[in-house]
Amino acid sequence: MSIISHNFKASSLHHSFSNSNPKLSLPNFTQSLNFPNLLQVKCAKRTKRTGKLRYPSEKKKQKLQQHNETDVKNKFEGVWRLFKLGISAHEDPGKDFWGVSEPLLQEIAKVLEFPVASMLPPEAFKVVRKSFDARKLQKEPKFVYTVDMDVNKLLSLEPHTWEFISELEPRVGVRERVPHGRFSGDLISIIRNYPKKNETAASTDVFGRNDFSESYKFPNTRKPKVAVIGSGPSGLFASLVLAEFGADVTLIERGQAVEQRGRDIGALVVRRMLQLESNFCFGEGGAGTWSDGKLVTRIGKNNSSVMAVLETLVHFGAPSSILVDGKPHLGTDRLIPLLRNFRKHLQELGVTIRFGTRVDDLIVDGERVVGVKVSDSSCSSESSSQKLGYDAVILAVGHSARDTYQMLLSHNVDVVQKDFSVGLRIEHPQELINSIQYSGLANEVQSGRGKIPVADYKVAEYVNRKDVVTPSNSGPIGRSCYSFCMCPGGQVVLTSTNPSELCINGMSFSRRSSRWANAALVVTVSSKDFEALNFHGPLAGLEFQRAFERRAATMGGGNFVVPVQTVTDFLDGKMSEAKTPTSSYRLGVKAANLHDLFPAHLTEALRHSILLFDNELPGFVSKSALLHGVETRTSSPVQITRRSDTWESTSLKGLYPVGEGAGYAGGITSAAVDGMYAGFALAQNLGLYNGSMDSILGKAQTTGFFKY
């Protein structure tokens with residue numbers, strides 16, 4: 001076949017593609033894909049990469065490609081996924097446009113080697129991912145797209161693409177066939193469209209199969225009763241799954257509904273009135289409600305379970321852009337109405353929701369939990385105490401439910417130490433971060449209203465013995481230091497749950513339009529760090545957190561005032577002047593020497609890492625950058641062990657520990673995914689569902705080593 005260059009006149013191309021020539025009359029594509037000998041315009045094939053694959057992910061994809069070789073041969077059906085389609089920031093319509101633009105069609109045409117981009121029908125393509133890449137290694141900042149190409153639709157709308165599709169070959173990370181077979185859509189649709197178990201099946205058979213003792217078999221005439229403790233993402237999604245499968249669910253939340261919770265947080269910020277059970281950590285939606293609402297997760301956005309969570313959030317009111325955005329986030333202003341919609345749906349399914357209700361104890365019979373003891377969280381009177389019986393209990397508390405951990409130990413539930421991270425929260429003017437990341441494009445941000453996203457960053461370093469010289473008895477040296485929960489256009493907020501303790505976090509609204517950018521700078525800590533301060537046992541990490549939260553409260557002088565220090569003074573080891581840069585923290589700041597907060601080896605690890613971060617982001621070390629103390633609740637300090645096949649506690653039957661507080665998640669999305677899997681697992685154990693979770697949601701992460 002002769003090779004024809006693309007550099008020919010458009011007029012001759014139009015003439016060649018004209019259907020007026022009877023020899024080029026085309027069949028009805030809805031009836032047949034057997035094409036006559038059309039004009040064939042071909043280009044030289046690109047050289048394939050033959051060298052050693054660089055990443056394990058590439059090897060994995062290549063093996064999958066080879067395994068599905070027979071499927072790839074059928075190129076004219078289904079969907080091809082096209083990756084790494086880059087468009088200059090100047091040419092792209094901007095961050096709020098999620099459709100198929102003319103510049104994007106031009107990039108698609110290059111992949112297909114199709115000579116005229118304007119002939120490609122936009123309806124045949126769907127943007128499935130869009131992110132902004134402003135890394136310095138790029139020639140210029142650009143938007144990067146992943147696009148799905150519906151081959152059937154493309155051929156029906158533009159038959160001349162047939163020859164070019166026939167030449168397509170899969171290439172890892174560039175173009176691939178999209179596998180089919182799993183259910184897709186929001187969780188409600190997935191469950192309702194999945195074949196249900198025969199409702200006449202005897203539930204007693206299921207209980208026998210799962211080792212339920214005779215005394216806890218519920219009659220066939222009633223639904224199994226399940227208590228879900230905690231209304232964060234894991235609790236909400238577990239409740240949704242179980243209720244959709246027909247369980248009698250009671251959702252118990254120690255905090256308040258978002259409407260009242262918002263008023264309680266307002267009283268804290270304005271009048272310093274801390275409600276112990278309704279604050280930034282406790283209440284409907286969990287700690288993530290008053291945060292940036294980030295939906296990024298290391299599980300991977302292409303994961304079926306992650307997409308099910310995102311689709312479900314869209315069903316309840318989240319913008320559909322979270323399905324496409326490479327770094328999806330919601331913001332508190334969007335989370336509040338979303339949670340109200342979620343609550344309404346659960347109530348329509350018959351879920352009983354009890355706000356302001358604290359679980360004080362588990363009711364245990366032998367080696368099985370058979371209920372919970374609850375009380376009104378707004379009072380300490382014993383008269384409000386109640387005992388409620390359940391067939392199973394999902395424990396979906398957050399990482400700040402410290403009294404719950406103590407209660408679990410009283411029942412000999414297996415609770416173990418877990419590594420986590422502690423540090424300080426750094427705040428810069430957002431304009432400075434925009435300038436560092438975007439240079440000349442910084443003026444395109446326009447406080448979140450421009451075409452370029454508000455700039456963020458993510459930095460990480462590993463500090464070892466060569467980098468930091470410390471006394472031999474100072475504890476472990478090798479540790480990671482990294483940015484955590486970066487909130488562009490956000491503010492620093494109080495996350496204390498006790499007046500004598502001080503800890504902070506960051507939050508943003510959806511527009512991310514504030515004058516500040518903040519992020520935690522934290523270092524990993526482990527059992528050796530706990531033991532160095534004479535903290536031992538399962539809750540050693542919790543006591544480690546508490547020690548520094550109390551020290552920070554003392555350094556701030558009380559009344560929730562936060563101790564601060566400029567980055568330059570922290571690096572120099574000197575006290576900041578009384579007048580520090582303006583902070584977004586609304587309860588007041590006080591200049592302090594943060595070197596006195598942590599042990600010397602942790603302080604030195606932070607100091608060394610900040611210097612390295614400045615190499616990566618020149619200008620990061622600035623007199624206008626302010627460090628706030630202290631950030632300790634990056635994740636749970638414990639893990640409640642559970643079985644990987646049933647999600648059930650290894651030490652107490654009928655108890656299902658899930659989510660961030662149980663040590664299996666770290667963020668809104670991963671917590672929701674964990675709760676969702678737990679809901680399916682319990683539905684199976686209760687005989688409400690007899691299918692395979694893997695067939696619907698994909699294979700779950702290895703229990704105990706969950707990717708956050």
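Which residues does F680 touch, not counting residues up to four places away in sequence?

Tutor: Happy to, and please keep in mind that this is a predicted model. Leaving aside residues up to four places away in sequence, F680 touches L187, I191, V241, F245, Y689, M693, I696 and L697. F680 belongs to the largest nonpolar core, which has 158 residues, and together with I108 and F125 it touches the most other members. Helix α19, residues 668–685, gives this core its largest share, 10 residues. As a general background, nonpolar side chains in soluble globular proteins tend to be buried together.

From the core we can turn to the sheet. Here 5 strands form an open sheet with parallel pairing, in the order β7-β6-β5-β11-β23. At its edges are β7 (352–354) and β23 (655–657), each of which pairs on one side only. From one strand to the next, the twist averages 15 degrees. Within the sheet, strand β5 (residues 225–229) and strand β6 (residues 248–252) run parallel and are joined by 5 bridges. One of the pairs to look for is K225 with its bridge partner D248 in β6.

Some backbone details also deserve a look. Most residues other than glycine have a negative phi, and most peptide bonds are trans. Against that background, E113 has a positive phi, near 60 degrees, and is not a glycine. You will find E113 in the loop between α4 (102–112) and β2 (125–133), and with a relative accessibility of 19% it counts as buried. R272 is another residue other than glycine with a positive phi, about 60 degrees. R272 sits in the loop between α10 (258–271) and α11 (304–315); its relative accessible area is 30%, so it is partly exposed. For the peptide bond, look at G629 and V630, which are joined in cis with omega at about 15 degrees. V630 is part of strand β21, residues 626–631.

Lastly, the cysteines: a search of the whole structure finds 0 disulfides. For C485, the closest cysteine sulfur is that of C487, at 4.0 Å, which is too far for a bond because the cut-off is 2.5 Å. C481, with 1% relative accessibility, counts as buried.

Key: Residues are numbered from 1 along each chain as its sequence is written. This is a predicted model: local features need pLDDT of at least 70, side-chain atom pairs count only at pLDDT 80 or more; totals for chains, interfaces and linings use all residues. Side-chain values use heavy atoms; hydrogens and water are left out. Helices (H or I, at least four residues) and strands (E, at least two) are DSSP runs, numbered from the N terminus. Buried means under 20% relative accessible area, exposed over 50%, partly exposed in between (1.4 Å probe, protein chains only). A nonpolar core is a set of buried Ala, Val, Leu, Ile, Met, Phe, Trp, Tyr and Cys residues joined through side-chain atoms within 4.5 Å. Contact means heavy atoms within 4.5 Å. Two strands pair if DSSP finds at least two bridges between them. Axes are lines fitted to C-alpha atoms, for helices over the stretch in contact, and angles run from 0 to 180 degrees between N-to-C directions.
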